[in-house]
Each structure stands twice: as structure tokens, then as C-alpha cells.
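Subject: Structure handover

Hi,

Here is the structure I promised to pass on.

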Amino acid sequence: MRIIVKNLPVTATKQDIKEHFSAKGIPTDVRLLSTMRGESRGVAFIGYKTEEESEASIVYYNRAYYNGNKLVVQKSESKEARNRSMHEDRPVKHQKALSDGLEVGEMKEILKLLQAKKENAWSITVDDESPEKEKKEKKEESLEDIVEKYRKSAETKNKEKVMETGEVFINGIPYTTTEEEVEKEFSKYGMVAEVFMKYKERTDSWGEGHTLNTGFAIVTYTFPKDACKILGETILFQGKHIKILPSRGKPVEEVTDKNKSNLSHGRYNPVFFNFTAILGVASKEKKVSKRDILKDRGIGVGGKIALLESELIERTRMFLKDEGISEECTCSKKPCICMFISKKSILVKNIPYGIREGEIREHFTKYIRAVFSPSKTLIILEYGTKSDAMAELKQNNFTRIRDQPIYIEYLKVTKERYAREMAGLPPVSGLKSAENELKKEKEDPLMLKLILKNVPFQAGRGELSELLTGLIGTDYTLRMPLKADGTHRGFCFVEMQSSDAANTLLRKLRHVHLYGRHIVAEKAQV
């Protein structure tokens, strides 16, 4: 993917060469050789994105004329290939010789003699076998050993660091390279979990008026051993020789007044619903008016809304599982091996209830598939390329739809969905059902008693009983400790006859709110 051009005009600059050799593909890199005085040698190395572009350029430009000079265009060989060919062509006795004809062993011996002569020019001779000379040779050998140990120690530390993070640093990539191209190239060496690239507006000759990358990328592999395999290697990527280095971690973005709100994206809970959405879904599905739902029949409105919310949360969690979306990490490993970030899909949260897809199209124009959640307040948008998803995320995040702010983040998906996306297959076909996935959650076979904390003081025993009965039935015992004035203390105990019922209640109460307060359910200490 690199070519060498000879017999160029000495007046040609890098920009001139880049423009002239763009007929069969835009060059990603131009290296013009020059003398110590800064004058052009008439030789340049040019890199292209693909091998087809470089081969087409060789056929098109070879023996062509440029400003009166007949060009010689050939395929460029890598340094390793040139050194290997020179090593094979050289005679055996001169294979280790230096450029001046001296072999490596001879040069080392000369350096030893010069060093000995400098220290004691009168007492030490070439054939002297004194103890001082033996000590000096041992000292020199020990220095070489120290250098070798330091090199090996540095390599070991780099490998250990990469084994912990699974990240490698790639510097010097073309400014026009996209995340898809980096992921496609480095997926040859293992499963890529994430590609991190920074972008900025460039107005120079390499990309006038376009937002391009900053020339580096951090690639995170799912399995760190794949990253260790390519550590220290030099690969040819889009016409440029790239050396793989250990990563020091992703740069931390400085918090300013302009980007303070952007740094908080992704913290909106996808299973949190506003009051309007809960009432709208319940009214539509039960075919009753919102007024009938809100009628107080002596039990309390808070318990009704909490029960409706718990049902909606359960359906939403099953929807997320069916779509291959992960709510949170369950493996507690670094890097995570159970949750992956899909850069081709985004999750739009807090959209107004009852919105139509046509109205969504007014704000998001490049997606190819839209999926609404049961609450109609979440929507998954899938794109054909990562660049389209990134552009619409940056453009629409924290904007308003119907005077309601929306929050957008990349989709966190399961390993099965991520593998299908990497293989170019539909994202959700063939995934396991949500019910089977929910059964895999960790359960405590000995748990029979729960403590519910953060219970609102305005919630009475009747409202809590209605909420619990709607979640697990009537097979439970509720105990609410009271204060001297007869009001409860803000917590209660729920005891059940089976551990299955206790685990079910613990799971269903994970995101339930009562009178605006989140109910915290934990295993009670018996």
C-alpha cells in the first residue's frame, strides 16, 4: 500500500505531489526525501488506503511525465524486507560486517583496546592477561547484562500493563481514517471491544473544513492476550507504517462550562419513567381513563402508581433483554467481558410519551431501524455506519422534543449481539429469550426475609400491602415498626414462605418508586 516515486522535479512540494498523485486514490501519506540542506532529492514515498489504489497508481504513473521529468514508480518494500534481502545477498563471512567492512566482533575488540589504553596507557598492552584486565572484561560483560535485563524488564512491564487493560496505542494513522476502518483492520488479530478516537476541526491542506481524527487511536481487545500478540509490532495500515505501543489510558477530558453537561450523558436510568408515561401506558392497555386510575378508593394513589410502575419496569427489562441490551456489568472484570458498546446503535431516553416515528424522523434522519420500548419513552435507533450514529448523537444529545429534554448514549449490548454485529448479521435474530436470561440472575436459596428502606412516611400499610400483593400475591407477612406517635419509621420487614418469592420481590423492587422515593430492598439480617 506504499509506492516509491523517483526522478521527481526538485521544485515539487508535498502538497504538489499529493494533488498530482490523486487520480487513482487520495494519498494518506507523502514522505519527500531531502538533503541536509533541505533540498529535494527527487524521491518520495506515497501511501494509499488500499492495495488496489497503490497498484492502479503504479500502472497509471509509471513512465509518465511530470513537469518534464519521466517518473519511475515502483512498489515500496518494508524495512524488514529490504534488510532480509540484503542479508541474503551478502556473503556468509560478511553478513555481520558493518558499513566500513569491519565485523561486529572486531569493532568490539577495538573499542576494548581503546578503553584500556585510555585508562592506563603505560601498563596495559594488547596481549596483557593481568587480573585488572580480567576484572575489566567482567565489568563490561556485567554492563551488557544490565542493559539486556533493563530491556527485558521494560518489555515485561509493557506486557503486564496490556494484559491488565487489553488496550494498545496506535499513533500516526491518517487523519481521514474512521473507527470502522481501524476496527476492521485490527479485528484480524482478535475481537475488538472498543475503538477510541478523538476528533477536531482541521483547516489545513490535509482536510480543509472537515472534522477529522487527531492521528491516534486506542484499541481495546476483548481478550488481552490478543493485544499482547501485536504489541511492539510494526504493521502497514492505509499506506503508513504503524508501530503498536502500550496504551497509557484514554485522555481525560477537561471539564469546562461548555462541555460540563456533555460529560454527564449516560447517567439517565433507562428504567425510570415519569408520571405521564406510567398513566398513559396503563390507560391505553387497561382501556380506562386516567381519571379512573387516579380515583382514591381508600388505599392511596401512591401504591397504585408504584404497582403500575413495577409492571412497566418488568416489561421494559424483558424488552432490553430481548434486544440484547445490557443494563449493567455482571462480571466485575476489567476490561468487561459481558457488556460491550455498540457504536452503530444509540439509545434515546426520556422521549415524550405517545410520540410517533414520523416526528422522530424530523430529528434523526440517518437511522435504518427504530424500536420503541413498551413504555414508549425509550427508543433504539440502529445505523449502517458508526460515523452516522456518532454524528446524530452529538447533534441531538440534550436537545428538546416537545419541550422535553432527551438523553442519548451508545447502546450497551451483550456479547451475543456484539458478535453478530461484528459478523454483519442482524443484531437480535437468534438471541435467547428474556425469560431465560432473567432466570440466570443470581438468587439466594436461603433468603426468606427482606427489609424495605426509604419508605415514604405518607405511605400507609394499605398502600404497601396493595403494592406487595400485586407483585408476589398474598403469601407474605408485613411488619412495620412504629414510633411513639403511631407513624412508621421509614422501613418495614417482609417475610415470605419460599426463597423464590423473596428473590422475585427483590428483583421487581429494584427500580420501583413510591411517592417519588426509590424503595431500597435488601436481605434482612436474621
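Strands β2 and β3 (residues 40-47) run antiparallel and are joined by five bridges; strands here are DSSP runs of E with at least two residues, helices are runs of H or I with at least four residues, and both are numbered from the N terminus. Within β3, Ile-46 is the bridge partner of Val-30.

This is a predicted model, in which local features need pLDDT of at least 70 and side-chain atom pairs count only at pLDDT 80 or more, while totals for chains, interfaces and linings use all residues. Residues are numbered from 1 along each chain as its sequence is written, and side-chain values use heavy atoms, leaving out hydrogens and water.

The two strands belong to an open sheet of four, ordered β2-β3-β1-β6 with antiparallel pairing (two strands pair if DSSP finds at least two bridges between them). At the edges sit β2 (29-34) and β6 (72-75), each pairing on one side only. From one strand to the next, the twist averages 20°. Helix α2 (residues 51-61) packs on this sheet and touches β1 (2-6) and β6, with its direction at about 155° to that of β6. Contact means heavy atoms within 4.5 Å, and angles run from 0 to 180 degrees between N-to-C directions, using axes fitted to C-alpha atoms (for helices, over the stretch in contact).

As for the whole protein chain, the secondary structure comes to 16 helices and 25 strands. Of contacts between residues at least 6 apart in sequence, 68% join residues at least 24 apart.

Best wishes
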